[in-house]
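Here is a short report on one structure. Keep the model in view while reading.

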Amino acid sequence: MAGPRVSVQTEDFDLGAEVAALRAGDPGVGAVAAFVGTVRDRNDGQGVSSMELEHYPGMTERAIEAMIDAAMQRFDIRDARVVHRVGLLAPLDQIVLVAVTSAHRGQAFQACEFLMDYLKTQAPFWKKEHTPEGARWVDARVADDEALRRWGITAGNAA
Amino acid sequence: MKVAVRYFASIREALGPGESVTVDAGATVGVVRDALIARGGPHAAALQRGRALRSALNQSLCDENAALTEGAEVGFFPPVTGG
């Protein structure tokens with residue numbers, strides 16, 4: 001409970017250590033849901049040899065803090081933690097962690113998915129992929145806006 | 001009044017990390033975008049209407065009707081692609 005809720009960092013993260021810290025000292029926790037996003041070696045039909053992640057320092061952290069506040073209001077959860085990496089990443093690397101604790105599994109699963117859907121369309125991060133045909137900025141996906149709309153929130157990111 | 005403009009991702013590659021822009025009192029984020037487009041060249045290409053562009057005022061997402069105050073920070077960037 002004492003650690004930061006949001007970290008944007010170049011360093012890798014340890015899922016086990018993050019979950020242990022998130023639920024430490026809270027015997028009311030009966031469920032932990034965690035999502036880890038990783039770098040794929042292919043995207044849109046092309047090989048990806050590496051990827052650069054850029055963010056808006058300050059705004060990114062504040063935006064994710066606000067998303068966690070929204071999740072705490074919307075769901076019966078006890079705590080949440082988001083770690084997002086920036087800088088140069090390679091296939092197999094971890095990119096993002098969202099972990100949520102709650103008394104029972106349902107709310108933890110839902111809040112974890114809500115936070116990922118929110119983050120994909122509202123947190124200022126940008127991916128640039130390096131492929132055999134050169135570097136390219138990744139396009140936003142309409143499907144990600146639609147995922148957020150399930151929660152009653154209009155994203156308008158990819159439009 | 002002066003506002004600080006910051007660019008990210010493909011917009012930053014085209015225009016650099018940011019610049020100071022002077023606009024009339026009461027201007028909106030959209031007015032800043034139009035003033036930059038009016039410079040022509042890479043500004044017009046990067047910020048042109050019809051191109052998907054998102055904006056932030058003082059580090060919160062906003063639409064282009066958001067009103068500015070002296071010293072405001074305006075961010076222009078493409079749709080976000082994190083996660």
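The cover over the buried residues of α4(A) includes α3 of chain A; contact here means C-beta atoms, placed from the backbone, within 7 Å. This is a predicted model: local features need pLDDT of at least 70, side-chain atom pairs count only at pLDDT 80 or more, and totals for chains, interfaces and linings use all residues. Residues are numbered from 1 along each chain as its sequence is written, with chains lettered from A and ligands numbered from 1 in the order in which they are written.

Helices (H or I, at least four residues) and strands (E, at least two) are DSSP runs, numbered from the N terminus. A residue is buried if 20 or more other C-beta atoms lie within 10 Å of its own, exposed if 12 or fewer, and partly exposed in between.

In helix α4 (residues 142-149) of chain A, the buried residues are A:Asp144, A:Asp145 and A:Leu148. They lie on the same side of α4(A), because their arc around the axis is only 100°; the arc is that of the directions from the helix axis to the C-beta atoms. A:Val142 and A:Ala143 are exposed on the other side.

Chain B holds an open, mixed sheet of five strands, ordered β2-β1-β5-β3-β4. Strands pair if DSSP finds at least two bridges between them.

| Edge strand | Residues |
|---|---|
| β2 of chain B | residues 18-22 |
| β4 of chain B | residues 60-62 |

Three bridges join β3(B) to the antiparallel β4(B).

Methods:
Two residues are in contact if their C-beta atoms, placed from the backbone, lie within 7 Å.
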